[in-house]
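Trainee: Could we go through this model by question and answer, starting with the chain and ending with its sheets?

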Amino acid sequence: MTLPKKIPLAKLLNRWVYPAVIAVMALALWQYPAWFGQETPKQVAMEQEEQEELPDYGRAERETVAREFRAAWVATVANIDWPSEPGLPVAQQQQEAIALLDKVAAANMNAVIFQVRPQADALYASELEPWSYYLSGEQGKAPEPFYDPLAFWIEQAHQRGLELHAWVNPYRAHHTQGGPVSAHSIVNTKPELVAKLANGMYWMEPTREETISHSLSVITDIVQRYDIDGIHYDDYFYPYPSYNEGAPFPDRESYATYQQQGGQLGVSDWRRAAVNRFVKDIYSEVKRIKPHVKVGISPFGIWRPKYPETIAGFDQHEQLYADARLWLNEGWLDYFTPQLYWNINRVQQSYPMLLAWWQGENHQQRHLWPGLSSNQVETNQGTDEIINQILFTRALLQEQTGQVFWNVKTVSENPKFAQLLKDTVFYHQALVPASPWLDSAAPQAPEVRYQSTADGLSVNWQPRGDEAAARWLLYYQAGGKWHYRIFTKDVLSHQFRQQDEVTTIAVVAVDRNGLESERIDQQITYR
């Protein structure tokens, strides 16, 4: 663009250039004080804000235990979360796992969702699929020295009072960041089940009988052999259209065979019917093997545009062939985690409107624990958004509330936010909400004894009955107020200090389905 010759250069500089330079310098001084060697109004304001007392956000004393699912996804695909890279020494893999779990537990969370099957492979000892590339850097190669990562994660999670849910990807056969396609890959061992996509990924055909039976066998094998608390699978049923550059999923031959055999469904309904069958069969098989193992599904957050009316966006029903509303309506799951990765004030994908809509579809009263885009807590605005989403979810779902963070880095690599959680919305420990449809028999209350000593008060308890407790809940009254502590199943005692001035105690057994035994309060008599 050429400037009019009538405007003198000095006038141009005074009117536009100099003010622009001053504005840029002011912004730099506000945002980047290190450039100028001094503090700025923004820094001072932030420091003053940090010194202010935190808002309550639920820190008020509670007389009964909080119930909330507080979980994070731990992704292994492409080494997103763990291990940090393929081929690390076993000791370093284990150290990284322990560090992650320590940080999750320290933030008063109570579950991790650990990805064990990212690309038709295994982060555990399996006779059905090869060892994962993301562990050793070579698909099919076991850890050296040998250990079973899933068993290790379960043990370490349970030691910290965390549930561990095994996360499987149903149909992805090979990821673009999954190393070379090895001889052990299902791409080569069962090529008739696999299609190649335009972006380089390989995908199993969800309508093939062999695909359904193979993936079911993998999941039931995990449930049978491992002491997991849940089986979890995500939104990757059919691949997103962008994975195949918008072209249809390459299953034309399979559909033609289906029609030749008398099939009457259109392509979309045919694909959805296969996915629906898989979802229903997983639930029935898991319950047949271990009824206490929860089944969780994490679909795309919008069922279809216009549901509710103001919602617009991606149509998973027609694009992923996922009828997530049907699964929730029918109760083919124990918890439902729609990926609600949008902010509260985003009208066309409103977090509160979508969550309320899904709750309206929750005919079987299963757990509704949404997935949050929590990585945005890198900014103050993002932190406020996630805290507000947690508060809204609590207001809507009451004592059945919960959420899952995408992803664990929210707490493992952001100590400021992790501490904020513990200081505010996660101030109290919480039990995972009970699942009474899985079990109606409460455990028996433990036998409780106490002894006052010169140092304080010693409380001991022993389990009673045939059902083993998964957690212990210790209530105690001090200073006229009730408090509580949650302990793992192996802890059978607690020592109070003399200055705690405890006057009443009660110990409650909690089973794996979250049901509590009778609470029997005991008045303390000091000698």
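Predicted model: local features only at pLDDT ≥ 70, side-chain atom pairs only at ≥ 80, totals over all residues.

Trainee: How many helices and strands does the chain have?
Mentor: Helices (H or I, at least four residues) and strands (E, at least two) are DSSP runs, numbered from the N terminus. On that basis the secondary structure comes to 15 helices and 21 strands.

Trainee: What percentage of the residues of the chain count as buried?
Mentor: Buried means under 20% relative accessible area, exposed over 50% and partly exposed in between, with a 1.4 Å probe and protein chains only. The chain has 527 residues, and the share that counts as buried is 51%.

Trainee: Which element gives the largest share of the lining of the largest pocket?
Mentor: A pocket is, on a 1 Å grid over the protein atoms alone, an open set of points where a 1.4 Å probe fits, with protein on both sides within 12 Å along at least five of seven lines; lining residues have an atom within 4 Å of a point. The largest pocket holds about 970 Å³ of space, a volume being the space filled by probe spheres set on the points. Its lining has 42 residues, and the closest to its centre are Gly161, Gln429, Arg471, Ile486 and Phe487. The elements giving two or more residues to that lining are helix H5 (149–159), strand E14 (430–431), strand E17 (471–478) and strand E18 (481–488), and the largest share, 6 residues, comes from E18.

Trainee: Why is E17 largely enclosed by the rest of the structure?
Mentor: Arg471, Leu473, Tyr475 and Gln477 point one way from E17, while Trp472, Leu474, Tyr476 and Ala478 point the other way, and all are buried. In a regular strand the side chains alternate between the two faces of the sheet. E17 is largely enclosed because its buried residues number 8 of 8.

Trainee: Which residue in E20 stands opposite Ala478?
Mentor: Two strands pair if DSSP finds at least two bridges between them. E17 pairs with E18 in the antiparallel sense over 8 bridges, and the two form a hairpin with 2 residues between them, where Gly479 in the turn has a positive phi of about 60°. E17 also pairs in the antiparallel sense over 8 bridges with strand E20 (residues 502–510). In E20, the residue opposite Ala478 is Val502.

Trainee: Which strands stand at the edges of the sheet of 9 strands?
Mentor: This open sheet has the order E11-E10-E9-E8-E4-E3-E2-E13-E12, with parallel pairing. Two of its strands have a single partner strand each, so one side of each is left without a neighbour in the sheet; they are strand E11 (367–368) and strand E12 (371–372).

Trainee: In the open sheet of 3 strands, what is the bridge partner of Arg172?
Mentor: The order is E5-E7-E6, with antiparallel pairing, and the edge strands are E5 (172–174) and E6 (194–196). E5 and strand E7 (residues 202–204) pair over 2 bridges. In E7, the bridge partner of Arg172 is Trp203.

How values were computed. Residues numbered from 1 in each chain as written. Heavy atoms only, no water.
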